[in-house]
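Keep the structure open as you read.

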Amino acid sequence: MSLALEKMPLRAPTPDTWILAVLNDFPAFLQDHAACERKASAAAMSMVTKFPDFEALVEPMICLAKEELAHFHEVYRLMHKLGVPLGTDEKDPYVTALLKPVRHSRQEYFLDRLLVASVIEARGCERFSLVGEALNGQELGSFYQRLAREEAGHYMIFLRLARHYFPEQQVHERLQYLLDAESTAMLAVPARAAVH
């Protein structure tokens, strides 16, 4: 069982068809992975910009942004070594689907963005773990196994912040709703050589 499913109750595991799609076009997967790390770094800093008054958020988001940017740099170096160019920025249908139920009042938006980020991080960790397992014994396998371990705690950063600012029951109920939405979104996206 992958790291994220052991630690966070994602509703459904990634189907086997996903890892087959990744292995069939690994350069495309690397391009998407690099884009995801860059976007994750930017999203963390966007939280600081949008919610500077939530002081407990600022330091963790700055640290997360730096770590995600470091991961982007590592993936870029790996791509450069393998002769894979950076890809163009494309909309992620999985993330787009997860953002649809995000509510609009400032407090609800804040809670929903924290929880959506949490489930996205958990799914990403699960998938890096799957890539590491599939490429076990190879340099790329070791890289993704290490990355999965490093990313394993990211979902908890957002969950801890949600619990810091909102009552546990409110967080729990909204998280259950978003975990259902995540499972639906994940299973609806056709298997492709992309993180999500």
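## Ground rules

A residue is called buried under 20% relative accessible area, exposed over 50%, and partly exposed in between, with a 1.4 Å probe and protein chains only. Helices (H or I, at least four residues) are DSSP runs numbered from the N terminus.

This is a predicted model, where local features need pLDDT of at least 70 and side-chain atom pairs count only at pLDDT 80 or more, while totals for chains, interfaces and linings use all residues. Residues are numbered from 1 along each chain as its sequence is written, and side-chain values use heavy atoms, leaving out hydrogens and water.

In helix 7, the buried residues are Leu-140, Gly-141, Phe-143, Tyr-144, Leu-147, Ala-148 and Glu-151. They sit on the same side of helix 7 because they cover an arc of only 160° around the axis, taken from the directions from the helix axis to the C-beta atoms. Glu-139 and Arg-149, on the other side, are exposed.

## Pockets

A pocket is an open set of points on a 1 Å grid over the protein atoms alone, where a 1.4 Å probe fits, with protein on both sides within 12 Å along at least five of seven lines; lining residues have an atom within 4 Å of a point. The largest pocket holds about 710 Å³ of space, a volume being the space filled by probe spheres set on grid points joined across faces, edges and corners. It is lined by 29 residues, and Lys-39, Ala-40, Ala-43, Val-95 and Ile-120 are the closest to its centre. Helix 3 (26–50), helix 4 (55–82), helix 5 (93–99) and helix 6 each contribute at least two lining residues.

The second largest pocket has a volume of about 330 Å³. Among its 19 lining residues, Gln-31, Asp-32, Ala-35, Thr-88 and Glu-90 are the closest to the centre. Helix 3 gives the largest share of this lining, 8 residues.

## Aromatic rings

Rings of Phe, Tyr and Trp (its six-membered ring) pair if their centres lie within 6.5 Å; planes under 30 degrees apart are stacked, over 60 edge-to-face, and the rest tilted. The whole structure has 13 aromatic pairs. Trp-18 is buried at 3% relative accessibility, and Phe-29 is buried at 0%.

Phe-54 and Phe-110 are stacked, 4.0 Å centre to centre with 25° between the planes. Phe-54 lies in the loop between helix 3 and helix 4 and Phe-110 in helix 6, so the pair ties together parts 56 residues apart in sequence.
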